[in-house]
Amino acid sequence: MKTLVIASHPKLGESRIHRAWLATLRGRCDANLTVNDLYGRYPDERIDIRREQALLGENDRVVFEFPIYWYSSPPLLKKWFDEVLEYGWAYGQGGHALEGKEFGIAISTFTPETGYRHDGSVGHTIEELTWPFEATVRRVGGIFLPPFVLNGVAHVSDGELDASAAAYLRYLGAPRGGKSSGGQGGTPKAIRSLAGVE
Ligand SMILES: Cc1cc2nc3c(=O)[nH]c(=O)nc-3n(C[C@H](O)[C@H](O)[C@H](O)COP(=O)(O)O)c2cc1C
């Protein structure tokens with residue numbers, strides 16, 4: 001299985017979590033794992049649509065990696081969706097390029113996991129907040145994987161960060177366990193990055 005990580009962090013130089021995650025991934029990049037750093041690749045935010053579509057075509061699984069910004073993604077990833085998922089290519093008449101591919105997201109949040117509950121400070125779960133990604137994947141005929149989530153980044157120790165990077169690598173290569181986006185289920189339940197780490 002060939003996996004493509006599409007990373008979107010506007011300030012990777014100031015990042016702790018995604019810089020560490022991407023360093024781990026880059027150490028493992030080979031013919032089966034490609035990292036596409038959108039802000040690094042497109043500092044002027046002019047996306048090469050044909051290049052992006054070719055990358056998608058070459059891979060079986062695509063994971064969008066980003067820090068949560070205002071309960072959504074940083075803006076270049078939204079632009080990427082708007083421009084790369086063209087009518088007649090990704091959807092609509094003749095638009096079948098992404099059918100059957102697997103799509104996941106790997107995200108980090110400042111707010112702890114307890115905030116992402118109906119009775120928490122955010123008042124919504126991660127699954128609820130990420131439904132636009134699930135709906136997009138469904139629209140293009142893809143299969144949405146459970147989101148991979150690291151919550152409460154301010155309280156993550158260096159050892160926990162290493163553990164989360166290792167868990168992220170496993171997530172990237174894990175056999176599909178999530179529900180098909182074609183069903184009625186909505187976003188499959190998120191995988192906690194530090195589940196099981198004391
Ligand atoms: C503009 C901006 C908006 C943010 N919005 C949220 C948010 O809505 N919810 C949240 O939990 N964290 C939010 N954060 C915190 C980031 O998600 C957090 O700093 C990031 O996941 C840490 O990853 P990094 O060390 O790789 O930057 C925001 C941060 C910034 C800069």
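Helices (H or I, at least four residues) and strands (E, at least two) are taken as DSSP runs and numbered from the N terminus. Residue numbers start from 1 along each chain as its sequence is written. The model is predicted: local features need pLDDT of at least 70, side-chain atom pairs count only at pLDDT 80 or more, and totals for chains, interfaces and linings use all residues.

**Stop 1: two loops**

Select E45, in the loop between helix 2 (38-41) and helix 3. E45 is not a glycine, yet its phi is positive, at about 65°. Burial is judged by counting other C-beta atoms, placed from the backbone, within 10 Å of a residue's own: 20 or more is buried, 12 or fewer is exposed, and anything in between is partly exposed. E45 counts as exposed because it has 12 C-beta neighbours inside 10 Å.

Next, select W70, which sits in the loop between strand 3 (61-67) and helix 4. W70 also has a positive phi, of about 50°, although it is not a glycine. With 6 other C-beta atoms within 10 Å, W70 is exposed.

P74 belongs to the loop between strand 3 and helix 4. It has 18 C-beta neighbours inside 10 Å and therefore counts as partly exposed. Two residues are in contact if their C-beta atoms, placed from the backbone, lie within 7 Å. Leaving aside residues up to four places away in sequence, P74 touches S8, H9, P10, F66 and Y69.

**Stop 2: a helix pair**

Which angle do the axes of helix 3 and helix 4 make where they cross? Select residues 49-58 (helix 3) and 75-84 (helix 4); their axes come within 10 Å and cross at roughly 85°. Helix 3 is therefore roughly perpendicular to helix 4, a label that covers angles of 65 to 115 degrees, with under 35 roughly parallel, over 145 roughly antiparallel and the rest oblique. Axes are lines fitted to C-alpha atoms, for helices over the stretch in contact, and angles run from 0 to 180 degrees between N-to-C directions.

Show I49, E52 and Q53 of helix 3, which meet W80, E83 and V84 of helix 4.

**Stop 3**

The largest nonpolar core has 44 residues, of which I6, V63 and V149 touch the most other members. Such a core is a set of buried Ala, Val, Leu, Ile, Met, Phe, Trp, Tyr and Cys residues joined through C-beta atoms within 7 Å. Beyond residues up to four places away in sequence, V149 touches I107, I126, A190, I191, R192 and S193.

Move to F148, in strand 6 (residues 148-150). F148 counts as buried, with 24 C-beta neighbours inside 10 Å. Its contacts, again not counting residues up to four places away in sequence, are G104, A106, Y168, Y171, I191 and S193. F148 and R192 lie 44 residues apart in sequence and 6.2 Å apart in space, C-alpha to C-alpha.

**Stop 4: the ligand**

Finally, select the ligand, which 15 residues surround; S15, P67, S108, T109 and F110 are the closest. A residue is near a molecule or strand if its C-beta atom, placed from the backbone, lies within 6 Å of it.
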